[in-house]
Amino acid sequence: MVNSTKHCIWQSKKLFMFSMLIIIIIIYRFQLSYGVMRTKYLQFFQNVKMALQHKIENTEKVNIYLKGIWTFRSDGRLGNQMGEYATLYALAKLNGHQAYILPAMANYLSPIFRITLPTLHDSVKNRIPWKEYHVNDWMEDQYRSIPGDYVMFTGYPCSWTFYHHIREEILREFTFHAFLKEQTNAFLTRIRGERKNVTYVGVHVRRGDYVHVMQDMWKGVIADKKYLEKAMAYFRNKYKNVVFVVTSNGMDWSKENIDNSKGDVFFSDNPKQSSPADDIALLAHCNHTIMTVGTFGYWAAYLAGGETIYLTNFTLPESPFLKLFKYEAVFLPEWIGLPADLSPLLPKGNGK
């Protein structure tokens, strides 16, 4: 009887131990399965996250692709390049396309300004089937919906009508590099001397090829001595302690024809500090502007802000120049125009 009881107890223990072993195995397998499932779920969510990120990146690439590539043929010198850049920036934004500049334009502008539009490498440019699109020197309604994904603009636009509604963005694009700012401020401080509360007026005198081109080709004139005297008198009468900063591509003529008897005129003709970049930086850092003709003077005035005096009515009424140029589209409404003396273009006996 005793042996029978012991045997039953032993059987019960074996059954209990076996049951516990089964339970441990089940728990272990459950934990193992849970760990595998947890790992799989984590991997699944990671894959979903990566897929979504990949989809977002691809969507961005597709969006860029759908925006196409718009650029502007790089023509002319600094003033022209600035006009082409600003017009491209504004039209691409207006039409929802991505703007790129060509290397030639980048070479002109990037050493001077902190521009942000990306540069399109020649190897890419030469493989694109461009659609050329000419723009006039003023904004037109048709430019609000220009067709084509790969557009190359042509022309010589220099008009506020394209971009004045985003003026602050354009001014940011044409922010000067720090070294030019420092150099310019040092020059202005030096010429100020002991004067207090100085008002700087930048004067740009365009000569060079315009001396003959305006008269021979366009039936027009450029600024003369009397125009500059009137413009400078305006600022001398309105402001105290005026300092005029003169830049020109005809400095000899400027020195001979600009009156400096008051000692308030300074000419930027230092060979070590006289380049288009130096000159436009000087003019743009002045409070006000006197311009004559040309895109360089226009951009100096636009960047400077303040008051601007410009030469107006500088061609005969029948000039072919007026087919390409509109005074009201180039000069801001608040700028002050002084009429040119056209007598040198009139037949003898009809002059003033």
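Modeller: Take contacts between residues at least 6 apart in sequence: 68% of them join residues at least 24 apart. Contact here means heavy atoms within 4.5 Å.

Biologist: What kind of model is this, and how are residues numbered?

Modeller: This is a predicted model, where local features need pLDDT of at least 70, side-chain atom pairs count only at pLDDT 80 or more, and totals for chains, interfaces and linings use all residues. Residues are numbered from 1 along each chain as its sequence is written, and side-chain values use heavy atoms, with hydrogens and water left out.

Biologist: How many helices and strands does the protein have?

Modeller: The protein has twelve helices and nine strands. Both are DSSP runs, numbered from the N terminus: helices are H or I with at least four residues, strands are E with at least two.

Biologist: What share of the residues is buried?

Modeller: Of the 352 residues in the protein, 43% are buried. Buried means under 20% relative accessible area, exposed means over 50%, and partly exposed lies in between (1.4 Å probe, protein chains only).

Biologist: Why is threonine 315 called buried?

Modeller: Its relative accessible area is 7%. The cut-off is under 20%, so threonine 315 counts as buried. Threonine 315 sits in the loop between strand S8 (308-312) and helix H12 (327-330). Leaving out residues up to four places away in sequence, threonine 315 touches several others, including Met214, Trp218, Lys219 and Tyr327.

Biologist: Why is lysine 219 called partly exposed?

Modeller: Lysine 219 has a relative accessible area of 37%. Lysine 219 is in the loop between helix H7 (210-216) and helix H8 (225-238). Although not a glycine, lysine 219 has a positive phi of about 55°.

Biologist: Why does asparagine 197 count as exposed?

Modeller: Asparagine 197 has 72% relative accessibility.

Biologist: Which residues of H6 are buried, and why are they said to be on the same side?

Modeller: Leu180, Thr184, Phe187, Leu188 and Ile191 are the buried residues of H6. They cover an arc of only 95° around the axis, so they lie on the same side of H6. The arc is that of the directions from the helix axis to the C-beta atoms. Here is the background: an α-helix has 3.6 residues a turn, so residues three or four places apart point the same way. The buried residues of H6 pack against strand S4 (199-205), strand S5 (242-248), strand S6 (265-267) and helix H10 (276-284). Glu182 and Arg190, on the other side of H6, are exposed.

Biologist: Where else is a helix covered?

Modeller: In helix H11 (residues 295-304), nine of the ten residues are buried. Among them are Tyr298 and Trp299.

Biologist: What makes a set of residues a nonpolar core?

Modeller: The residues must be buried Ala, Val, Leu, Ile, Met, Phe, Trp, Tyr or Cys, joined through side-chain atoms within 4.5 Å. The largest such core has 88 residues. Tyr298 and Trp299 are among those with the most contacts inside it. Helix H2 (residues 78-95) gives the most to this core, with nine residues. Another core, of nine residues, lies apart from it and includes Phe187 and Leu188.

Biologist: Why is the pair of tyrosine 85 and phenylalanine 174 called tilted?

Modeller: Rings of Phe, Tyr and Trp (its six-membered ring) pair if their centres lie within 6.5 Å; planes under 30 degrees apart are stacked, over 60 edge-to-face, and the rest tilted. These two rings are 5.7 Å centre to centre, with 50° between the planes. They therefore pair, and the pair is tilted. Tyrosine 85 is in helix H2 and phenylalanine 174 is in the loop between helix H5 (167-173) and H6, 89 residues apart.

Biologist: What about phenylalanine 325 and tyrosine 327: what makes that pair edge-to-face?

Modeller: Their planes are 90° apart and their centres 5.2 Å apart. The angle is over 60, so the pair is edge-to-face. Phenylalanine 325 and tyrosine 327 are both buried.
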